[in-house]
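User: Please take me through how to read the strands, helix packing and chain contact in this model.

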Amino acid sequence: MKKFNSIFIILITSILLLSGCTNNINRTSETSDPFEKFNRKIFAFNKNIDEYVVKPISKKYVSTLPATARESINQHLYWMNLPQTIINSAFQLEIENTILASAKFMLNGLTLGFYDLDDKQTTINKKDFGSTLAKYNVPEGPFLMIPFLGPKNTRDFSGYILDKQNIANISSSKVDDIILLEVPINIVTVREKLSGTLESVYNSSDPYIKMRSFYIQNRRATVYNNEYNKFKDKEKDQAFEQLLQ
Amino acid sequence: MNIINLKIKKRIKRLNNYYSKTTVKKIFTIVFIAQIFFFFLSQEASADNLIKANKTVEQMLVEAKQHATNTVNLDPNKRTKKIRLLIEKYININFMARATTGAFWRKATSAQKDKYEIVLLNQIINTIEVHLNTLSTLSYKTISTELRGKKLVYVRGLIEDPKKLKPSVNILWKLAANKQKSFLILDLEIENVSLVSSHKAETISILRKNKGNFNALINQLDKPK
């Protein structure tokens, strides 16, 4: 266990250092992708896994389970991820989000998250360690395509590992077993949610670039604060106005 | 002290007399009234633009829904033709073509530009055809409209599933009026992902790989997938 922890610390440190190797691109629209060749190979591998394994299972899942049952499973998976939001909202000093997420987690704990007793009335911003690192101005680093996980930038990938480590540390061995069972279900449900987007990615002339663009745009808009989004919108508006002249 | 006060009062009186006698006062009044008039006129015009832009989006969605339900049993080619008409009516293809190719647009010949516009239109048609049947089962509501700069109008909306089985999707339409003063869609952002930006990333990557060869871009986009 000690050996694993030291490897884990070294891995996280090296990832964070790697993300520091690039300029802080928080304020630019450029995408840093020095490993494009390698990333394209991983993307092709992931695409095959998706087409031959995940997609057929996801299709079967959709055709077998009724929509209400699938919705309950989605709710449960969302509930299982709320502690991650609670911890990271607290780190980011977003008190309102922390309180709301905690309240929702406790309330829906009565149904193990399978039924939303709040009836989707409360909007909670999903937080992860990647967004916490962004909050403290850690640069996003080069773009990576991770086997089985898909697109991530270096900062988000290190955040992802830390999030998983946190859950493993706070959970008992029984919960670990549940997580092991939930991982494949999570993949299938995520595939179902993203089926439309993935189809448009695969049908494009350069699916890798399209996937990268979708990921980066969506991630930047959700991770950064309103000030950054306003700045980006202004930049885009100016480009549009110039083209309209 | 009293003498100084009297002197000041006299000077003020003189100045008042001067302004009342000259035309300066009249000019100031006219300019002031004109400013108020133009301010209200511009406010009215921008409010009018917001309403027009919002109506354009809503009308397009109504027509798209009607199209989805009315053309289910139609021959695929005829269906595509009808969608093409709908897109040409509401989307500024020329703007999108320029926005998605960046600086390379200026280097292209007019024949290449025309061909690229056709290819882009076909791509939009294909995307819409895939999602049209799903769209007809969902409902749309406008959240806000906003004037951005001189010409741009943002219309923010939400696409919802009436059965609440699918999560709501945030939509942002970017519109601007053309020379005929009718509003056309320039870009669409779905959950913060801009269609123009993602398409631009794709086209620029292809163009850079082919050293700016526009024909190579057209051929690659036109390839059947």
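User: Which residue is the bridge partner of B:Ile190 in strand 5 of chain B?

Analyst: The partner is B:Val193. Strands (E, at least two residues) and helices (H or I, at least four) are DSSP runs, numbered from the N terminus. The model is predicted: local features need pLDDT of at least 70 and side-chain atom pairs count only at pLDDT 80 or more, while totals for chains, interfaces and linings use all residues. Residues are numbered from 1 along each chain as its sequence is written, and chains are lettered from A and ligands numbered from 1 in the order in which they are written.

User: How many bridges join strand 4 of chain B to strand 5 of chain B?

Analyst: Two strands pair if DSSP finds at least two bridges between them. Here there are two, with strand 5 covering residues 193-194, and the two strands run antiparallel. They form a hairpin with two residues between the strands, where B:Glu191 has a positive phi near 50°.

User: How many bridges pair strand 3 of chain B with strand 4 of chain B?

Analyst: Seven bridges pair strand 3 (residues 169-177) with strand 4 of chain B, in the antiparallel sense. B:Ala177 lies opposite B:Phe183 of strand 4. This is also a hairpin, with five residues between the strands, and B:Lys181 in its turn takes a positive phi of about 65°. On strand 3 of chain B, B:Ile171 faces B:Gly157; strand 2 (residues 152-160) of chain B is joined to strand 3 by seven bridges, again antiparallel.

User: What is the order of the strands in the sheet?

Analyst: The order is 1-2-3-4-5 in chain B, an open sheet of five strands with antiparallel pairing. Strand 1 (139-148) and strand 5 of chain B are the edge strands, each pairing on one side only.

User: Is strand 4 of chain B mostly covered or mostly open?

Analyst: A residue is buried if 20 or more other C-beta atoms lie within 10 Å of its own, exposed if 12 or fewer, and partly exposed in between, with C-beta atoms placed from the backbone. Strand 4 (residues 183-190) of chain B is mostly covered, with six of its eight residues buried. Over the 225 residues of chain B, 20% count as buried.

User: Where do the helices and strands of chain B fall along the sequence?

Analyst: Chain B has eight helices and five strands, in the pattern α-α-α-α-α-α-β-β-β-β-β-α-α.

User: At what angle do helix 4 of chain B and helix 6 of chain B pack?

Analyst: Axes are lines fitted to C-alpha atoms, for helices over the stretch in contact, and angles run from 0 to 180 degrees between N-to-C directions. Helix 4 (residues 93-101) and helix 6 (residues 110-135) of chain B pack at about 105°, their axes 10 Å apart. Helix 4 of chain B is therefore roughly perpendicular to helix 6 of chain B. Angles of 65 to 115 degrees count as roughly perpendicular, under 35 as roughly parallel, over 145 as roughly antiparallel and the rest as oblique.

User: Which residues of helix 4 of chain B meet helix 6 of chain B?

Analyst: Two residues are in contact if their C-beta atoms, placed from the backbone, lie within 7 Å. From helix 4 of chain B come B:Ile93, B:Asn94, B:Met96, B:Ala97 and B:Thr100, meeting residues of helix 6 of chain B that include B:Tyr116 and B:Leu120. The contact divides into six nonpolar, two polar and two charged residues. Ala, Val, Leu, Ile, Met, Phe, Trp, Tyr, Cys and Pro count as nonpolar, Asp, Glu, Lys and Arg as charged, and the others, Gly among them, as polar.

User: How do the axes of helix 4 of chain A and helix 5 of chain A cross, and at what angle?

Analyst: The axes of helix 4 (residues 82-91) and helix 5 (residues 95-108) of chain A come within 8 Å and cross at roughly 160°. That angle is why helix 4 of chain A counts as roughly antiparallel to helix 5 of chain A. The crossing is left-handed, that is, the near helix is turned anticlockwise from the far one by less than a right angle; clockwise would be right-handed. Buried residues in helix 4 of chain A include A:Leu82, A:Ile86 and A:Ser89. Just after this helix, A:Leu93 has a positive phi of about 60°.
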